[in-house]
Amino acid sequence: MSVTVFVPIDSAALSVGAGAVATRIVEEAARRGLELRLVRNGSRGLFWLEPLVEVATPAGRLAYGPVDAADVESLFDADFLLGGAHALSLGLTEEIPFLKRQERLTYRRIGLIDPLDLSDYAAHDGWQGLRHALALPPAAIVQEVLDSGLRGRGGAAFPAGIKWKTCADVVATQKYIVCNADEGDSGTYADRLTLEGDPFSLIEGMLIAGLAVGASEGYVYIRSEYPRAFQVFSQAIAQAHAAGYLGADVAGSGKPFRLHARLGAGAYICGEETSLLESLEGKRGQVRVKPPLPAIEGLFGQPTVINNVVTLASVPVILARGAAFYRDFGMGRSRGTIPLQLAGNVRRGGLVEKAFGLSLRELLQDFGGGTATGRPIRAVQVGGPLGAYLPEADFDTAIDYEAFAAAGAMLGHGGVVVFDDSVDMAAQARFAMEFCAVESCGKCTPCRIGSTRGVEVIDRITAGIERERNEVLLRDLCDTMVNGSLCALGGMAPFPVLSALDHYPEDFGLAR
Amino acid sequence: MSSASRKPAAIPLKDPGPTPVERVAVEDAIAACRELPGALLPLLHAVQDRLGYVPPQAVPMIAHGLNLSRADVHGVISFYHHFRAAPPGRHVVQLCRAESCQAMGSAALEASAKHHLRIDYGQTSASGAVTLEPAYCLGNCALSPAILLDGELLGRVTPVRLTQLLDALEAQA
């Protein structure tokens, strides 16, 4: 009997040696005359355990990790193909507390399936949302998404259903669905995980969006820093096309939908939706003035729904299980689940999909297990490079869009970067301004000039030159950027700076 | 950041034009991409994938091929960090400079790489083996610090391991 062994092919798993582990397992099995079926799955998102090797047993999938290529021989010696005990045994994968305590809806297939196996996708609830959507009138699909309470997971948290309805209400011969896969925020990898680990779920979400608003063409804009994600997703498009899910006649419905993957070119600003549209049109990624909204005048001047990967990949489960099912997760106006991404100096780094409502502390301690270095957590940056730094006193904030806004912070795309007590918060503040200067599109003055002046003023403060006066100047500059910038880059880059000043003034040589 | 060094050089007054190799690469890219909506980025990627850079001397050809102005093409090339104006070394190492990697010591990694190769970002080591570039997040934030070596992602990179990697790249012919 041939045993099935899973070794992830996700780039994070590969980055710590999953490729060599897979090769060694095949070699060693051949040497011992053992038969096995090797499946290259996506990652479960338990990255501190990567490379995570799983073996299918009658009781369920058993996990071993983190496995080094040098461990493979001893795994065979321990009869791991039959679930034998080994120093790296983790028990049943689904029982690992980090995974067991999650509510995986959007990410329920991640790490379970071979990402490019259509039959595997179909066997794990794939295409069920699309099937329901095909039986509904377009307005009813939009209503489902509205009723689900799904808000944009890219960072802005704008209700997805309202975007869809705005676009659906415009009469036009050509509309577009654009997926923002320009996941530039540090501390985030949820989009990459979907693109590499469950690409058909994104295709299904985009197909449903196309049916809802009457769009026949879609683009996925993937950042150039994700070469593997681009390659895997391009293969997924080709397979879905060959299987009749994309093309002139989507799943026998008679409706067309063509999908294209496009590669970004290393510009953070292209994660801003209007800048992304400019880039797709082959231009400099400069932010557009809104209105007009992209839903009315978007890509190539046509009505366009533009949503993040996670938003679109959450749509199939909403259509399959119903708006109420999804809406019943969460708290307040934050409905459903959010994939949080533990990053930086954290003991157990990985993806945590949970209903809104748990506290930041639960996330950091119960899931993250504190810092990797074992030192106390001093600061946590949530929501990418434009997110505020939160001190320990704020860790009881609930993971909820409104609760974070009330604490002067934002959830953004769900990235959570942990820093221990060796961090220099003045240096982090300086980096926020430096990053804004490097990545500014240059269209508006507060962002283009303000960020460079911000670096200079912070340098004067840390050099001890007229500290108090320069602090006043820095706060005034931040006020100008927040209120005068065209988009969130210049408008929010001051948040990490101000939070560092407010919570850690001693790092700037200022009195608390 | 040393973005100035990454910007395309101005086209000289007596423009020698692209080399034959460059010309063929650009012609092929134009033929493959000209019908695409928003063709310029895919075209520039096609050129850089083949040559390793986008030759400034090819800007007029690209502009002509897509019916754009030279200013449009130059503006796009210079906007995006990804596009290079000159050939890189035999290997390209991109170091992540973003917050998650900072929290795990990327500054030390960066310092040791620059010191070891005796170059700054956007430059190539004297042997021509390694070009060093900054990246702002490689999406491997649970396994920081991360680098991209010729498009291959590596995680939990220590200064010692990076030095060994760089030495191995330098040693290759």
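**Chain B, its interface with chain A, and a sheet of chain A**

In the predicted model, 37 residues of chain B are in contact with 48 residues of chain A, a contact being a pair of residues whose C-beta atoms, placed from the backbone, lie within 7 Å. The elements of chain B that give two or more residues to this side are α2 (40-51), α4 (70-79), α5 (99-102) and β4 (152-154). Helices (H or I, at least four residues) and strands (E, at least two) are DSSP runs, numbered from the N terminus. The largest share, four residues, comes from α2(B).

Residues are numbered from 1 along each chain as its sequence is written, while chains are lettered from A and ligands numbered from 1 in the order in which they are written. As the model is a predicted one, local features need pLDDT of at least 70 and side-chain atom pairs count only at pLDDT 80 or more, whereas totals for chains, interfaces and linings use all residues.

Chain B contains seven helices and four strands, arranged from the N terminus as α-α-α-α-β-α-α-β-β-β-α. Its C-alpha atoms fill a box of roughly 50 × 30 × 25 Å along the principal axes.

In chain A, five strands form an open sheet of mixed pairing in the order β13-β12-β16-β14-β15; two strands pair if DSSP finds at least two bridges between them. Strands β13 (351-355) and β15 (389-390) of chain A each have a single partner strand and stand at the edges, so one side of each lacks a neighbour in the sheet. Within the sheet, β14 (residues 377-382) and β16 (residues 415-420) of chain A pair in the antiparallel sense over five bridges, and A:Val382 stands opposite A:Val416 in β16(A).

How values were computed. Contact = placed C-beta atoms within 7 Å.
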